Amino acid sequence: MQGKNAIVTGSTSGIGLDIARHFAAKGCNVLLNGFGDAADIEAIRAEIQATHGVQVRYHGADISKPLDIADMIETATHEFGGVDILVNNAGIQFVSPIEEFPIAKWDQIIAINLSGAFHAIRLVVPQMRARGWGRIVNLASAHALVASPYKSAYVAAKHGIAGLTKTVALELATFGITCNAVCPGYVLTPLVAKQIPDTAKARGITEEAVIRDVLLAAQPTKKFVTTQEVAALTGFLCSDDAASMTGGVLPVDGGWTAH
Ligand code: NAD
């Protein structure tokens with residue numbers, strides 16, 4: 001990955017931030033993206049750049065907006081001279097019974113978690129194709145392979161990402177471009193921490209019971225997956241050693257989807 005240029009969407013927090021750190025540690029320039037306090041983001045950007053001696057930039061594209069995505073890819077291409085690696089990681093969650101699921105939340109989750117990846121891929125592929133090398137990794141979820149109640153939009157978007165991944169892999173297989181989906185089980189990031197109270201409400205149980213009986217009940221290891229484990233798998237998929245891995249929908253889920 002030395003000297004390559006990557007975009008990691010949703011990299012101001014959680015899994016995306018550790019993927020960005022992992023890439024930078026391997027000598028890859030990184031464009032960070034995501035929301036948050038401007039001073040905090042600048043501190044993260046400067047720290048990763050100084051620690052690893054690579055170029056780290058930030059673009060605040062809202063991944064639910066196709067024009068923002070186009071501007072982000074143009075910016076990365078201009079700043080770095082090209083985009084070799086795209087990680088579609090930005091994502092949100094909302095927990096509600098289907099009959100009460102807010103229409104605006106459904107639309108927002110599909111826009112960020114599914115359509116955002118479509119737009120970024122379609123816009124970045126022409127330059128990858130021209131160079132004959134590219135790596136696309138979509139952060140899916142165990143929920144790309146199995147469902148859980150009260151997460152209709154998220155599960156639908158993540159199953160959609162699995163289909164998008166396979167289709168893109170087939171279309172680009174002869175051009176040196178791979179496309180894979182990484183499917184984590186539960187990782188204790190702000191995305192998961194925020195849904196614990198909502199799940200407790202939807203199921204009428206305590207927050208401790210949500211962690212023990214809902215989240216970790218699904219994972220035979222009885223441990224949260226770590227952001228570093230997800231970043232390491234993503235990094236491998238972006239290496240030359242993974243040139244023959246494409247179209248994969250790959251669990252890193254403590255055995256959850258082995259059930
Ligand atoms: P997180 O909440 O810690 O981080 C999400 C990131 O996405 C943040 O940087 C946030 O600013 C950004 N973001 C949100 N909306 C955005 C938008 N409209 N435009 C641009 N950026 C936006 O979440 P996380 O747990 O690190 O999740 C990252 C990805 O991993 C998501 O796609 C999520 O579905 C997936 N995932 C997470 C888990 C888990 O247990 N945490 C499990 C499986 C899959």
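A polar contact is a pair of N or O atoms within 3.5 Å; within protein, one must be able to donate a hydrogen and the other to accept it, and residues adjacent in sequence count only if both atoms are side-chain atoms. The model is predicted: local features need pLDDT of at least 70, side-chain atom pairs count only at pLDDT 80 or more, and totals for chains, interfaces and linings use all residues. Residues are numbered from 1 along each chain as its sequence is written, and side-chain values use heavy atoms, with hydrogens and water left out.

A backbone N or O atom of Val187 lies 2.7 Å from a ligand oxygen atom. For a polar backbone atom of Ile15, the distance to an oxygen atom of the ligand is 2.8 Å. Lys158 places a polar side-chain atom 3.0 Å from a ligand oxygen. The protein buries 94% of the 830 Å² that the ligand exposes when taken alone (Shrake-Rupley accessible areas, 1.4 Å probe).

The fold contains an open sheet of seven strands, ordered S3-S2-S1-S4-S5-S6-S7, with parallel pairing. Strands (E, at least two residues) and helices (H or I, at least four) are DSSP runs, numbered from the N terminus; two strands pair if DSSP finds at least two bridges between them. Strands S3 (56–59) and S7 (249–252) form the edges, each pairing on one side only. S4 (85–88) and S5 (134–139) pair over four bridges. Ile85 stands opposite Arg135 in S5.

Helix H1 (14–25) packs on the sheet, touching S1, S2, S4, S5 and S6 (contact: heavy atoms within 4.5 Å).

Conventions:
Axes are lines fitted to C-alpha atoms, for helices over the stretch in contact, and angles run from 0 to 180 degrees between N-to-C directions.
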